[in-house]
Amino acid sequence: MKTRTVPSRLYLTEKQMPEKWMNVRAVMKNKPAPMIHPGTREPLDFSGIEPVFCQEVIRQELDNDTLYVPIPSEVLRYYRMFRPSPLCRAYELEEALGTPAKIYYKFEGNNTSGSHKLNSAAPQAYYAKQQGLSGITTETGAGQWGTALSMACAHFKLDLTVFMVKVSAEQKPYRKAVMETYGATVIPSPSATTDIGKKILSDHPGTGGSLGCAISEAVEVAIKSGGAMRYTLGSVLNHVLLHQSVIGLESKAAMEALGEYPDVVIGCAGGGSNLGGIIAPFVADKLSGKNVRLLAVEPASCPSLTKGKFEYDFGDTGCITPMIKMYTLGYDFIPPPDHAGGLRYHGMSPIISKLYEDKLMDAIAVTEKEVFDAAKLFAKCETILPAPESAHAIRAAIFEAEKCKVTGEAKTILFGLSGTGYFDLAAYTKNA
Ligand SMILES: *Cc1c(COP(=O)(O)O)cnc(C)c1O
């Protein structure tokens, strides 16, 4: 048995918490491509996006140069109710695997939304309030983003309309109930409340919906609100990765406090936000010559990085969003219904896509069975019931640890445990 010299759970103090986000684009030599207008194919500037998103969020989205962005004090105050999140040492998992590797994970599930999504929901709600909006709209698939945003909107006193993918709303009635408890209006999508929803319903009667459809509906409502509302997105875009950098900054500070540095940093990748967040400071280190491996893990059923194409595509099914250059399976790709709702998106963050294209990071795809085997082992060892999304990262961390068993190397592995799986028990039952 290894001697347990570092704590199983390390929390930074409030003073040690980062007060700035990190914008990795500032250190990337090759920047991600700009969003373009689907008709003209010209890059979109501020005014082109203004009808859809909050102004401050657009400024952040378009800023490729500012490395550190101060976190507003109101957002910091809110962060302090659920941050810092712990950096955990997976002693029990290491022991179960019999590996010489040291496995660390950053646990983001310690808030009611059960995921890292609150890190971006908080600033997005705050900026909307600052701009004087009455409310915001969004979509949610598995429900974590909608839940996080409903919490943030309750705190910053804003109305929220959530278009929730219809199959998810039916499969996860309690997710809907949580959002409603915080005051959000939840509409199963596709719905008859929007033009695009009506069209999708008449073209595909009986459809269970998809994230792409729900995005189209939420954008339509924001655009038609006469300026009172804007749309918010919980992943993929540059500003979301900026907000999520708090995960990586805290992780790096906590590891430094332990005298540790990771050989490999692993994250599950749906739209790329928790991954982009945890790797942020390590991307900067890598670009300045440090030897650290970055690894994205996606589901074999929705493999945008490992099987997709790097090209301009729409963010939504209805083709009303700008076009984004990213690894994509195509805007009309409807993934098979599966266990990891939060990873079922056809595209990938332009930042992650560019890093992958430039071979600064690796990606693997893993199957449902591999994921749940890893999830169950982790739950038994580490006490936390992981989200199926997060279990993709666990699976890859176990692969790395098993390699160390063969080579005898005591590598230091860091992965993002993006959330908990309490609303995913149907998937656990199916994979029992
Ligand atoms: C939404 C979600 C994901 C996937 O989204 P990313 O933007 O890729 O991080 C992963 N894990 C959990 C727990 C989620 O809620």
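The exercises below work through a predicted model, each with a solution that goes step by step.

Residues are numbered from 1 along each chain as its sequence is written, and side-chain values use heavy atoms, with hydrogens and water left out. Because the model is predicted, local features need pLDDT of at least 70 and side-chain atom pairs count only at pLDDT 80 or more, whereas totals for chains, interfaces and linings use all residues.

**Exercise 1. The cysteines**

Task: Find how many disulfides the whole structure holds, and describe the surroundings of C213 and C302.

Solution: Start with the cut-off, since a disulfide is a pair of cysteine sulfur atoms within 2.5 Å. A search of the whole structure with this rule gives 0 disulfides. For C213, which is in no disulfide, the nearest cysteine sulfur belongs to C319 and is 11 Å away. For C302, the closest cysteine sulfur is that of C268, and the distance of 12 Å is too far for a bond. The next step is accessibility, where buried means under 20% relative accessible area, exposed means over 50%, and partly exposed lies in between (1.4 Å probe, protein chains only). With a relative accessible area of 4%, C213 is buried, and C302 is buried with 1%.

**Exercise 2. The sheet of 4 strands**

Task: Give the order of the 4 strands in the open sheet with parallel pairing, and state which strands stand at the edges.

Solution: Helices (H or I, at least four residues) and strands (E, at least two) are DSSP runs, numbered from the N terminus, and two strands pair if DSSP finds at least two bridges between them. Read across the sheet, the order is β8-β7-β6-β9. The edges are β8 (185-189) and β9 (229-231), each of which has a single partner strand, so one side of each is left without a neighbour in the sheet. On average, neighbouring strands of this sheet are turned by 20 degrees against each other, direction ignored. Now look at one pair: β6 (residues 135-140) and β9 are joined in the parallel sense over 3 bridges, and G135 stands opposite M229 in β9. Finally, helix α6 (residues 144-156) lies across β6 and β7 (159-165) and runs at about 160 degrees to β6. Such angles run from 0 to 180 degrees between N-to-C directions, with axes that are lines fitted to C-alpha atoms, for helices over the stretch in contact.

**Exercise 3. The sheet of 7 strands**

Task: Describe the open sheet of 7 strands and the helix that packs on it.

Solution: The pairing here is mixed, and the order of the strands is β1-β4-β5-β15-β10-β11-β14. At the edges stand β1 (9-10) and β14 (362-366), and because each has a single partner strand, one side of each is left without a neighbour in the sheet. Inside the order, β5 (residues 102-107) and β15 (residues 412-417) pair in the parallel sense over 6 bridges, and the bridge partner of Y105 is F415 in β15. Helix α12 (residues 273-287) packs on this sheet, where it touches β5, β10 (264-268), β11 (293-299) and β15, and its direction makes about 155 degrees with that of β10. Contact means heavy atoms within 4.5 Å.
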